[in-house]
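Here's a quick briefing to read alongside the coordinates.

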Amino acid sequence: MYRDGLHSGIDGSGKTVIPLVYRDIFDLARLYDTPRALYTVKKDGLWGILDGEGKTVLEPEYGYVHSLKKGDPAWFVLESRDRSKRGGLFNILTGRIIAPDYDFLRPFGNMLIAYNRGTEGKREHHILLTPEGEVIGEYDRVEEGRSSPGVCRVRKDGLWGLVNDSGKVIVPL
């Protein structure tokens, strides 16, 4: 339903399940292969996620929320309120939130790859994280393996090594 610039949602019986308080509502099941009925919603300029019954899954407190275009459909990208950082993630299955503190963050196997651009006095760097957000390792560069799925190349101080998608070093630097 739409009235005065606001949206709501109803179920198959006509019962309102999403109240008329959201500026935008997007049905994620129509866009992505989501594990259940999910909707991204915009309220007071911030985005969150509701389930098919209208229950809040992720509070609307992010600059933007969207599903990964490829990869695990359980992960959603979170952007900071001012949208300067895109590197947060939310796992719809576990409820795990990794705050948008990175310039970019994406899943890679059983770990996450985070990236921060270089700023004055600091070089750009990549960080491998567990799904819980704990640091596995910090590197100058991380490249996902194109010829060896499940393996990424890592560089630190000019030396290269290999790390598998569980974070185990398989070729030391």
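Which side chain meets that of R153 in a salt bridge? E143 does, at 3.0 Å from N to O. Keep in mind that this is a predicted model.

**The R141, E143 and R153 network**
- R153 sits in strand β17 (residues 151-156) and E143 in strand β16 (residues 141-144), so their pairing ties together parts 10 residues apart in sequence.
- E143 also forms a salt bridge with R141, with the closest N and O atoms 3.3 Å apart.
- Shared partners join R141, E143 and R153 into one network.
- As for accessibility, E143 is partly exposed at 22%, R141 is partly exposed at 30%, and R153 is partly exposed at 37%.

**Another salt bridge**
- The whole structure has 4 salt bridges, and one of them links R117 and D103 at 3.3 Å, N to O.
- R117 is in the loop between β13 (111-116) and β14 (125-129), while D103 is in the loop between β11 (97-102) and β12 (104-108), so the contact connects parts 14 residues apart in sequence.
- R117 is exposed, at 51% relative accessible area, whereas D103 is buried, at 10%.

**Strand pairing**
- β1, β2 and β3 make an open antiparallel sheet in that order, with β1 (2-3) and β3 (16-22) as the edge strands.
- β1 and β2 (residues 6-10) are joined by 2 bridges, and R3 has L6 as its bridge partner in β2.
- Strands β6 (residues 46-51) and β7 (residues 56-62) run antiparallel, with 3 bridges between them; W47 partners Y62 in β7.
- The hairpin of β6 and β7 has 4 residues between the strands, and G54 there takes a positive phi near 85°.

Definitions and conventions
Residues are numbered from 1 along each chain as its sequence is written. This is a predicted model: local features need pLDDT of at least 70, side-chain atom pairs count only at pLDDT 80 or more; totals for chains, interfaces and linings use all residues. Side-chain values use heavy atoms; hydrogens and water are left out. Two strands pair if DSSP finds at least two bridges between them. Buried means under 20% relative accessible area, exposed over 50%, partly exposed in between (1.4 Å probe, protein chains only).
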